[in-house]
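Welcome to this short tour. Please open the structure in your viewer and get ready to select some side chains.

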Amino acid sequence: GNIEYGADTASLLKTSKTPGTEEYRCLDLHVVKNRNGETARIGYKFYQKTARFVEVDKSALDPEDDAE
């Protein structure tokens, strides 16, 4: 309780349903709580060799996605 109640934002980093390659992995950042704004799903490509994230897309967070 108290952490969720007091936090302004809460985010989850999940493996994306989009397949990656040998060069990068696809990850989704789910902003599930945002007291001062919108919730969203932000897609990233993660390049492990350089430890770099590249934003690919952004969409509104579907409440069904959070149930998984």
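Let's start with a term: buried means under 20% relative accessible area, exposed means over 50%, and partly exposed lies in between (1.4 Å probe, protein chains only). Select Phe46: with a relative accessible area of 16%, Phe46 is buried.

Before moving on, note that this is a predicted model, where local features need pLDDT of at least 70, side-chain atom pairs count only at pLDDT 80 or more, and totals for chains, interfaces and linings use all residues. Residues are numbered from 1 along each chain as its sequence is written, and side-chain values use heavy atoms, leaving out hydrogens and water.

Next, select Phe53, which is partly exposed at 42% relative accessibility. The ring centres of Phe46 and Phe53 are 4.7 Å apart and the planes stand at 40°, so this pair is tilted. Rings of Phe, Tyr and Trp (its six-membered ring) pair if their centres lie within 6.5 Å; planes under 30 degrees apart count as stacked, over 60 as edge-to-face and the rest as tilted.

Together, Tyr44, Phe46 and Phe53 form one aromatic cluster. Across the whole structure, a search finds three aromatic pairs. In one of them, Tyr44 and Phe53 have ring centres 5.9 Å apart and planes at 85°, so the pair is edge-to-face.

For the last stop, show Arg52 and Tyr47. The charged end of Arg52 sits over the ring of Tyr47, 4.8 Å from its centre (the rule: NZ of Lys or CZ of Arg within 6 Å of the ring centre and within 35 degrees of the ring normal).
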